[in-house]
Amino acid sequence: MVRLQGVVPILNTAFDDNGDLDLYSQEKLVEFLLESGVHGIALFGTAGEGYALNGEERDKIFALVRKVVNGRVPIVVSTGSTGTRIAVEQSVAAEEAGADALMIVPPYYLKPDGNGVRHYFESIAARVTVPIMIQDAPAMTGVTMPASLLAGLCKSADCIRYVKIEHPPTAPKITAFVNEVGKDGFAFGGLNGQFLIEEVRRGSTGVMPGSDLADRFRQIWNLLEAKQYDEAHKVFNVCLPLLRFELQPGLGVSTMKHNLVRRGVLKSSAVRHPTLSIDKHGVEEVTTLWNQIDCYEYC
């Protein structure tokens, strides 16, 4: 069973100006992430606009990513659904197609209680063998899962191994989860790495940010591994204003894509409705924030 750790960014989906898939830019983005030294790549998360892709498009992107990655790092695929049966089917299909791990949100239309959440995840775990990461993101799903429930799920099935905690305040919840789960599970941070340093110091083993700052996150990760916390804070604090900007509801994906166009990775910053695009003032604001990062001595 693959071990996930480190910087595992959510792959942004590349579109052309008409909103169609741009597989050439998609390949460039995957190569950019690999050259940045990421420890894995995650597909179809919120920053990847997975909610705006049909099944055929997901298959095309997954096949391309597998070809380019060629086993160099693990590939994590989001397979959660509003229905348990669909989530099971999508998870089995992703494993059969070559996913190294699955990231799964709880059902978010009819929001189940704790017993319902257990039934959902245990039903998926009974049908797959690759690691499952539970995505704990109540702001998006409306489903609240306490640390005790998450730890219990990790103990209930061998393949439920990870939790991506995006329930603020994230650092105390990671402490609670780590204390409950012991050696039976591992915590990842989300929310674009906003509290990366605090989370790592409380026991998190990885982070799942967007794609545009993957190389900066790898720098910070290396410093944290070396326990150079003051230096890690210096690099992180330069990136923080942009991370804060990207956490504005609905605007993060567009901001990330503008940065990737600026870096010569994507041809277009197009997003698909209902994802929002930043306006011309936002583009100017992001440019100012990016220039601060670009001039910093560590970059």
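## Salt bridges

The count of salt bridges comes to 11, a salt bridge being a side-chain nitrogen of Lys or Arg within 4 Å of a carboxyl oxygen of Asp or Glu. The model is predicted: local features need pLDDT of at least 70, side-chain atom pairs count only at pLDDT 80 or more, and totals for chains, interfaces and linings use all residues. Residues are numbered from 1 along each chain as its sequence is written, and side-chain values use heavy atoms, with hydrogens and water left out.

## Glu-49 with Lys-257

One of the salt bridges pairs Glu-49 with Lys-257, whose closest N and O atoms are 2.6 Å apart. Glu-49 belongs to the loop between β2 (41-43) and α2 (55-69), and Lys-257 to helix α11 (residues 252-262), so the pair ties together parts that are 208 residues apart in sequence. Helices (H or I, at least four residues) and strands (E, at least two) are DSSP runs, numbered from the N terminus.

Glu-49 is buried, with a relative accessible area of 0%. Lys-257 is also buried, with a relative accessible area of 0%. Here buried means under 20% relative accessible area, exposed over 50%, and partly exposed in between (1.4 Å probe, protein chains only).

Glu-166 forms a salt bridge with Lys-164, with 3.8 Å between the closest N and O atoms. Both Glu-166 and Lys-164 are buried.

In another pair, Glu-231 and Lys-234 form a salt bridge with closest N and O atoms 3.2 Å apart. Both residues lie in helix α10 (residues 229-246), 3 residues apart, about one turn of the helix. Lys-234 is partly exposed, at 43% relative accessibility.

## Packing of α3 and α4

Two packed helices are described by the angle between their axes and the distance between the axes. For helix α3 (residues 84-97) and helix α4 (residues 114-125), the angle is about 30 degrees and the axes are 9 Å apart. Axes are lines fitted to C-alpha atoms, for helices over the stretch in contact, and angles run from 0 to 180 degrees between N-to-C directions. The two helices, α3 and α4, are therefore roughly parallel, a term for angles under 35 degrees.

The contact (heavy atoms within 4.5 Å) is made by Thr-84, Ala-87, Val-88 and Ser-91 of α3 and by Tyr-120, Ser-123 and Ile-124 of α4. These residues divide into 4 nonpolar, 3 polar and no charged. Ala, Val, Leu, Ile, Met, Phe, Trp, Tyr, Cys and Pro count as nonpolar, Asp, Glu, Lys and Arg as charged, and the others, Gly among them, as polar.

Key: Angles under 35 degrees count as roughly parallel, over 145 as roughly antiparallel, 65 to 115 as roughly perpendicular and the rest as oblique.
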